[in-house]
Amino acid sequence: MTQSKVKLQERGSEMGMLSGTNGLRKGMAKEANLAEIILEQAARPKINYDKCKVIVTIGGPLTETVDQLAEMLEAGMTVARFDFTSGSRTLEQHLQTLENLRAAQKRTRCLCAIYCALGGNIFAVSRNDPEKEFNFTKGQTVKLLHGKPVCDDSDVLHLDSSIGELDFAETFSPGDVVFVHPFLRAGELTAELEVTSISEREIVCVCRNDVEVPSTVKRLAVNFSGAKNAPPFNACDEVIVNNFAVPANVDFISVGAVRDGGMLGLLKQHARNSGLPSVRIIAQIDNLHALRDLPGILRQADVVLLARGELGAVVASEKMFAVQKHVLKMCEKVGRPCIVTRLMDSMIFAPRPTRAEATDVANIVLDGADGLLLGLETLDGNFPLACLETVLSIAREADSVYDYEARYRRQMVQMNVKLAKATDSLPWGVAPLVKDDPDLAKIKPNARRNSLTIRLEQFEVDVNLKKEALAAAAVQTAYQIEAKLIVVFSHTGETTRLVAKYHPQCPVLSLSIPTVHGGTVQWRVEGDVEARQQLVYRGVVPALSGGSGPTLDDETAPVVHQFGATRTDVEALTKAQELGLIMPGDLAVFCQLIAGLSTVKVVEFAGMRKPKSRTFSPEISRSSSPGVPRMASDDSLDTKDAMKEIQARFGRIGTTGNFEELKQTDEANKSKPGLVQRNGGRGAAKPPRSSNSSASLPRVDSGVSTDSPDSTHHEGRTGVARPKKTKSAHFIPF
């Protein structure tokens with residue numbers, strides 16, 4: 001081992017990183033025997049909240065009525081997927097299912113996002129008689145024609161033409177390969193058809209392998225992804241977008257057989273021009289071309305869908321695990337949510353999964369996937385509700401042993417590397433291993449001057465870095481104080497995504513702030529779409545905020561400990577208590593970016609009773625995650641006179657000298673009942689910086705506090721002039 005690698009490991013140990021650990025190993029290391037671990041069940045929260053989300057394909061015989069969809073929503077479905085593969089279902093059937101879903105949402109009051117999965121170059125063909133023998137033989141001639149999507153044998157396959165016809169001459173060329181496999185079960189039994197001749201009305205192919213289709217397969221999928229000239233967005237998809245996606249205002253949209261990031265960018269632009277300005281694009285990784293250009297696709301995609309079924313047709317079985325881990329790792333690195341498919345094939349016909357499937361789902365959750373997608377299991381399966389409940393129970397058990405600390409550490413390293421690249425300096429605690437790390441090779445070794453100052457200057461011009469730092473500070477503070485909840489206020493959901501990519505151990509309550517648009521006659525409120533689009537983020541509970549109001553101390557005192565809390569703080573904590581996310585005495589970290597001001601603050605929830613006064617002042621440190629000092633004042637201090645005096649003298653604290661002076665003030669005011677404010681006051685003068693504080697770390701003040709000339713301080717004085725009304729200041733730890 002080289003000396004540079006040894007230095008890097010030493011630096012990593014100083015930062016508190018535990019290499020080669022995971023939550024399961026940590027749990028087994030405790031003094032609990034295996035029987036207790038097996039018998040103990042992971043408790044389900046009060047609400048339908050699960051960290052790992054589940055996307056359910058609806059519209060089948062058991063997932064289309066209002067009652068059936070209401071059961072799925074109550075069981076934990078967060079995203080409803082509509083499969084628009086040509087020939088599978090008619091447009092009228094999809095519209096009726098959407099209407100039933102709206103009614104089920106009103107009945108259950110559950111939030112659910114709409115996912116429109118366009119068919120693209122995949123056409124579904126139903127078997128007229130499933131019991132009849134249906135085989136493909138090597139050398140067999142197979143014709144593809146337009147017509148009703150029903151076939152009697154494998155010699156002629158009719159493609160659905162009810163919505164639109166595909167231009168065979170422009171789409172295919174001799175030598176292209178067409179794949180035929182069970183619908184939504186690609187990679188299991190795949191017949192390869194090589195195109196030999198093309199005409200305006202038909203395509204003649206020759207089969208290259210032997211495939212025996214079992215009687216349990218009722219529908220086949222004809223996949224044109226192997227055609228070189230096949231566009232990913234055809235005329236059939238155009239009709240679906242105009243007649244379903246735009247009127248329904250869908251939250252997510254995707255199309256199969258996307259080859260690179262440029263093609264995905266065209267799809268995004270087409271969706272914007274079609275009347276879907278805020279739709280999120282899901283990139284399906286279902287072919288080798290997409291795997292080769294994975295970095296380009298990640299730059300364009302909002303969510304990544306790892307289609308293991310389609311990939312199984314072109315990737316060797318022994319390579320599939322490496323592909324899965326690589327895609328999940330890349331999504332973790334750039335902070336994109338990743339969803340994995342093909343989970344419970346056996347539950348299409350059986351009420352319980354196999355041991356291999358259950359272990360596979362658990363490993364996907366432990367690898368860091370944000371969501372799980374159920375396709376044929378709920379579309380044509382016999383046990384859709386049981387399948388959803390089983391997947392959620394497995395994911396819940398895996399979440400209980402997930403290594404949140406390791407994920408947090410990796411993301412913090414990525415954060416430091418991003419800041420170092422932007423400021424042309426070296427990351428904190430990382431040796432300059434230029435030859436071993438290509439990312440560090442781009443950084444100049446001699447640019448290590450006051451990096452914190454450079455970073456803060458960079459924040460002023462780079463809004464993305466400002467949000468990155470805000471999210472990192474919120475998650476770091478939550479780990480330091482062992483908070484039970486992170487509250488994020490967001491307009492677009494970007495801050496919530498940045499917080500969620502750390503996979504914090506506590507839930508994240510995301511309050512989307514509604515925006516009112518309109519004139520004198522018509523008004524519309526936006527914000528619900530952003531809330532629904534956050535349902536794919538792991539550990540996030542989205543909700544709509546009613547907006548902030550003026551400071552009302554009498555109303556907020558029974559809910560929070562801090563004096564001067566706003567209506568928005570009270571609303572967030574009240575909503576969290578209703579959802580069962582927080583209990584009296586728990587700590588919550590608030591995170592928001594308003595008018596360019598980044599704010600992270602800590603609030604202790606008091607329920608509906610008078611709380612004890614406590615103060616939390618995060619210490620700023622370059623090391624891993626230092627503990628946060630926690631001080632409690634005398635319970636008898638609850639008058640506003642004492643509060644104003646402390647505010648005037650100690651408006652913003654955080655140094656060692658402030659803590660010592662604050663203790664002396666508490667002793668002097670023991671006889672005065674009052675509630676002591678220690679997290680920032682109005683119009684308070686700045687205390688002198690203590691010599692014990694770190695001089696190389698300038699304090700980052702994210703709020704605005706104006707020193708009033710009238711609020712001068714005199715020793716021994718018990719009262720001060722009324723200060724000007726200002727915002728309280730909060731410190732962001734880096």
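Modeller: A cavity here is a set of points on a 1 Å grid, laid over the protein atoms alone, where a 1.4 Å probe fits but cannot get out. Searching the whole structure for cavities of 30 Å³ or more turns up 14. Keep in mind that this is a predicted model, where local features need pLDDT of at least 70 and side-chain atom pairs count only at pLDDT 80 or more, though totals for chains, interfaces and linings use all residues. Residues are numbered from 1 along each chain as its sequence is written, and side-chain values use heavy atoms, with hydrogens and water left out.

Several elements (DSSP runs numbered from the N terminus: helices are H or I with at least four residues, strands E with at least two) give at least two lining residues each: β2 (79-86), β3 (113-127), α11 (308-312) and α14 (376-379). β3 supplies the largest share, with 4 residues.

By class, the lining has 11 nonpolar, 8 polar and 7 charged residues. Nonpolar means Ala, Val, Leu, Ile, Met, Phe, Trp, Tyr, Cys and Pro, charged means Asp, Glu, Lys and Arg, and polar covers the others, Gly among them.

As for where the cavity sits, domain 1 (43-120 + 232-401) and domain 2 (122-230) both contribute to the lining, so the cavity lies between them. Those bounds come from an automatic or database domain assignment.

Definitions and conventions:
On a 1 Å grid over the protein atoms alone, a cavity is a set of points where a 1.4 Å probe fits but cannot get out, and a pocket is an open set with protein on both sides within 12 Å along at least five of seven lines; lining residues have an atom within 4 Å of a point. Grid points are joined across faces, edges and corners, and a volume is the space filled by probe spheres set on the points.
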